[in-house]
Amino acid sequence: MKTMTMAKTAAAGLFFGGSLLVAGAAPAAAAPTTVQDGLVNVDVGNITIAKDVNAGVAAQVAANVCGVTVGPLDVLASEVDNTSTPSTVCTTPQGPVTILQN
């Protein structure tokens with residue numbers, strides 16, 4: 001009978017120990033990752049006007065809305081994709097024109 005109690009205790013220890021191991025690994029697996037995929041979004045105010053578009057397309061859209069040259073905005077859109085730091089291109093009566101990581 002003593003052997004059966006020891007077996008139950010050992011089985012319970014393995015079960016709970018394994019549960020803690022799995023629970024401890026979950027937060028690391030759930031950490032968000034940012035992937036630089038060449039795609040960004042363009043927002044005017046709180047409206048997305050271009051979603052998941054190539055950095056070059058985002059530059060053209062933002063340049064058209066803001067009335068500025070495309071070249072520097074292409075570099076800016078690529079930088080936003082690489083750093084995940086949003087950048088405001090200009091401000092319109094409808095709100096700021098912002099390039100954001102998708």
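Leaving aside neighbours within four places in sequence, with which residues is V97 in contact?

1. V97 is in contact (heavy atoms within 4.5 Å) with V42, D43, V44, A62, V65, C66, S87, T88, V89, C90 and T92, neighbours within four places in sequence being left aside. This is a predicted model, in which local features need pLDDT of at least 70 and side-chain atom pairs count only at pLDDT 80 or more, while totals for chains, interfaces and linings use all residues. Residues are numbered from 1 along each chain as its sequence is written, and side-chain values use heavy atoms, with hydrogens and water left out.

2. The structure holds one disulfide (cysteine sulfur atoms within 2.5 Å). This bond joins C66 to C90, with S to S 2.0 Å, and is left-handed at -80 degrees about the S-S bond. The pair links distant parts of the chain, 24 residues apart: C66 lies in helix α2 and C90 in strand β3 (residues 87-92). Both C66 and C90 are buried, where buried means under 20% relative accessible area, exposed over 50% and partly exposed in between (1.4 Å probe, protein chains only).

3. I49 is found in strand β2 and is partly exposed, with a relative accessible area of 42%.

How values were computed:
Helix = DSSP H or I, 4+ residues; strand = E, 2+ residues; numbered from the N terminus.
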